[in-house]
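Student: Hi, I have just opened this one and would like someone to walk me through it. Could we take it slowly?

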Amino acid sequence: DYQPLDGLVRFAPGQTSVPVGVSTSAPLPAEGIESFFLGLADPSTGTVGPEATITIVPPPSKIGFTKSFFGISEGDIDPLPVTITLTLSGPASAGASYRWRLSKFPEPADRDVVADTGVVTLAAGATTSSFEVLVKGDRVGEENESFFIQLEDLVDLDLLESAYTATLFLTNDDVGVPSDD
C-alpha cells in the first residue's frame, strides 16, 4: 500500500529535520494495520539515526441495513422468519459478532416476536450478513405493529449514515379485525 522510495534528502546548514513524502494507496479495511521501515543511508556528512517505522491504519468499515423497511404479514403459524440483511462498505477484516435489538414504544418489543435481541455474525472478508427475527403467528385481531431495529456494540465499525436504523413492520392478516392502515 505504499510506493517504494529511493531518493536524495538534503539538509540546509543548521537544519535538523526534513519532511519525506511517502505515497500510500487507500488500504482496504480487510488488510488490517500495516507497517514498513524508512531508513537513511550513505550520509555525505554526519551520522544517520535509526530507521523510522511507518504505520498505515485502514479506515473502519461502515455497516448498515440494506434497506430501511422490512415487513411481513403476521400469519397464523409459529414462527415466521423475517430476514434482516446488513451491508459493509468493505470486506470485514476479521470475523466478529454484534448485537441487534428491537424496540417498540410504549409496548414491550417481544409482544409478537420470539426474541427482541440477538447476535449477528460477520465472517472475515464478508460484505453482507443476515439475521432472522422470528414473528409469532396468531389469530388475534390487533393493529399493525412497527419495531425499530438497532445495532449495538459496533467495535471497529462505523454506522452508514443513511442506514443506521431500520423498521420491522408486522401487518395484521386476520380478516375483519381492526388495523392501523
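**Salt bridges and the sheet**

Tutor: The count comes to two salt bridges, where a salt bridge is a side-chain nitrogen of Lys or Arg within 4 Å of a carboxyl oxygen of Asp or Glu. This is a predicted model, in which local features need pLDDT of at least 70 and side-chain atom pairs count only at pLDDT 80 or more, while totals for chains, interfaces and linings use all residues. Residues are numbered from 1 along each chain as its sequence is written, and side-chain values use heavy atoms, with hydrogens and water left out.

Student: Ok, which side chain does Glu-152 meet in a salt bridge?

Tutor: Glu-152 meets the side chain of Arg-101, at 2.4 Å from N to O. Because Glu-152 lies in strand E9 and Arg-101 in strand E6, the pair ties together parts that are 51 residues apart in sequence; strands here are DSSP runs of E with at least two residues, numbered from the N terminus.

Student: And what about Glu-145, which partner does that one have?

Tutor: The side chain of Glu-145 forms a salt bridge with that of Lys-104, at 3.8 Å from N to O. Glu-145 is in strand E9 and Lys-104 in the loop between E6 and E7, 41 residues apart.

Student: Is Glu-145 buried or exposed?

Tutor: Glu-145 counts as buried, at 3% relative accessibility, and Lys-104 also counts as buried, at 11%. Buried means under 20% relative accessible area, exposed over 50%, and partly exposed in between, with a 1.4 Å probe and protein chains only. Glu-152 is partly exposed at 24%, and Arg-101 is partly exposed at 30%.

Student: Switching topic, what order do the strands of the open sheet have?

Tutor: The open sheet has five strands in the order E4-E11-E9-E6-E7, with mixed pairing, and two strands pair if DSSP finds at least two bridges between them. Strand E4 (69–73) and strand E7 (117–122) stand at the edges with a single partner strand each, so one side of each is left without a neighbour in the sheet.

Student: How many bridges join E6 to E9?

Tutor: Five bridges join E6 to E9, and these strands run antiparallel; Trp-100 stands opposite Leu-151 in E9. Strand E6 (residues 96–103) also runs antiparallel to E7, joined by six bridges, and there Arg-99 stands opposite Val-119.

Student: Last one, where does Asp-42 lie?

Tutor: Asp-42 lies in the loop between strand E1 (34–38) and strand E2 (52–56). Asp-42 has a positive phi of about 55 degrees although it is not a glycine, and it counts as exposed at 75% relative accessibility.

Terms used: Helix = DSSP H or I, 4+ residues; strand = E, 2+ residues; numbered from the N terminus.
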